[in-house]
Amino acid sequence: MSEGLVPKKTRRLFFALWPSEQERQDLTSVQANMSTKVEGRAVRADTMHLTLYFLGSVETDRVNALLALADGLRCAPFSIEFDRYIYWRKPQIVSVQNSKPVPQLMDLYQQLETGLITSGFITKTAKFSPHVTLFRKVKNFLDGDLMPVLHWQVQRFCLVESNTLPTGAVYTVLSEWPLLAQAAMD
Ligand code: 2AM
C-alpha cells in the first residue's frame, strides 16, 4: 500500500480516471466559459476526475484486496472525446460527457465491477454513465454541445481516497495502474 496512510478503521474510496495537467486545464477553461451561465458551485480544478466506481466506506484491512483486484485488470490505453455537457436534475450537477461510446472504458468498468462483486465489495451491478462533473448544486440548466471538444488520452486508472474537510473534499490518489497495450502484457 502507498506510504503516508494514517491509521483509520475505514476509508472513503473510489476508482477514477485522473486527468493530466493539460486535460485539467482544458476542463477549467470549459468551466470558466460556462460559469456566467451556470448558477451553481464550480468544482475545484484539483478535484476534477471521472469516477469509475464509487465504493464509499471501505474497511482499511480490505484495501489490500482492492489493490490485488485492480492488479488483475487488463486494458489498453484509449482516448475519450468529451463533446457535450449535461445537466442531471436529481444530483444537481453539470458535467461533460462523451456521446460516442468508448468500448475500452466500458470494458474496464465491466472488469472492475465483476472483480468487486467476486471479491465481495459490492453485491449488484450498476449502470455506468461516464462523466466529469464541473458544477454542483445547480438548480436548472440546459444541455448542449461542447465546442471545441475535449480529448483525454487515458493511460492509467487510480484508487482515490476522499476526505471531507471544512474547506471541501480533498482527494488523494492512493495507487495507480498503467493501462498497457496488448503487446506489453504478453
Ligand atoms: P460525481 O458526483 O462527479 O458523479 C467522489 O465522491 C466521487 O464519486 C464524486 O465526485 C462523485 O462523482 C462520485 N460518486 C458517485 N456516487 C457517489 C455517492 N453516493 N456519494 C459520493 N460520491 C459519489
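Student: Where does Lys 8 lie?
Tutor: Lys 8 lies in the segment before strand E1. Strands (E, at least two residues) and helices (H or I, at least four) are DSSP runs, numbered from the N terminus. This is a predicted model: local features need pLDDT of at least 70, side-chain atom pairs count only at pLDDT 80 or more, and totals for chains, interfaces and linings use all residues. Residues are numbered from 1 along each chain as its sequence is written, and side-chain values use heavy atoms, with hydrogens and water left out.

Student: Why does Lys 8 count as partly exposed?
Tutor: Because its relative accessible area is 31%. Under 20% is buried, over 50% is exposed, and partly exposed is in between (1.4 Å probe, protein chains only).

Student: Which side chains make polar contacts with Lys 8?
Tutor: The side chain of Glu 161 does, at 2.7 Å. The side chain of Asn 163 does too, at 2.9 Å. A polar contact is a pair of N or O atoms within 3.5 Å; within protein, one must be able to donate a hydrogen and the other to accept it, and residues adjacent in sequence count only if both atoms are side-chain atoms.

Student: How far apart are Lys 8 and Glu 59?
Tutor: They are 51 residues apart in sequence. In space they are 8.5 Å apart, C-alpha to C-alpha.

Student: New topic. Which residues surround the ligand?
Tutor: Arg 12, Phe 14, His 49, Thr 51, Phe 54, His 131, Thr 133, Arg 136 and Tyr 171. Each has a heavy atom within 4 Å of the ligand.

Student: Which strands supply at least two residues of that shell?
Tutor: E1 (10-17), E3 and E6 (132-136) each do.

Student: Which polar side-chain atoms lie by the ligand's oxygen atoms, and at what distances?
Tutor: His 49 has a polar side-chain atom 3.1 Å from a ligand oxygen. An N or O atom in the side chain of Thr 51 is 3.4 Å from a ligand oxygen. For a polar side-chain atom of His 131, the distance is 2.5 Å. The protein covers 65% of the 460 Å² of accessible area that the ligand has on its own. Accessible areas come from the Shrake-Rupley method with a 1.4 Å probe; for residues, only the protein chains shown count as cover.

Student: Which pocket does the ligand sit in?
Tutor: The largest pocket. To sit there, more than half of a molecule's atoms must lie within 2 Å of the grid points. Pockets are found on a 1 Å grid over the protein atoms alone: open sets of points where a 1.4 Å probe fits, with protein on both sides within 12 Å along at least five of seven lines.

Student: Back to His 49. Where is His 49 found?
Tutor: In the loop between strand E2 (41-42) and strand E3 (50-59).

Student: Buried or exposed?
Tutor: His 49 counts as buried, because its relative accessibility is 10%.

Student: What does its side chain reach?
Tutor: The side chain of His 49 reaches the backbone oxygen of Thr 47 at 2.7 Å. The His 49 side chain also makes a 3.0 Å polar contact with the side chain of Thr 51. Beyond four places in sequence, the contacts of His 49 include Trp 18, His 131 and Tyr 171.

Student: And Gln 31, where is that?
Tutor: Gln 31 is in helix H1 (residues 21-34). Gln 31 is buried, because its relative accessible area is 8%. Its side chain reaches the backbone oxygen of Leu 134 at 2.8 Å.

Student: Last topic, the backbone. Which residues are joined by a cis peptide bond?
Tutor: Met 147 and Pro 148, with omega about -10°. Pro 148 is in strand E7 (residues 144-154). Most peptide bonds are trans, and most residues other than glycine have a negative phi.

Student: What is phi for Gln 92 and Lys 137?
Tutor: Phi of Gln 92 is near 60°, a positive value. Lys 137 has a positive phi of about 55°. Neither is a glycine. Gln 92 is in the loop between strand E4 (78-88) and strand E5 (93-97), and Lys 137 is in the loop between E6 and E7.

Key:
Contact = heavy atoms within 4.5 Å. 1 Å grid on protein atoms, 1.4 Å probe; cavity = no way out; pocket = protein on both sides within 12 Å on 5 of 7 lines; lining within 4 Å.
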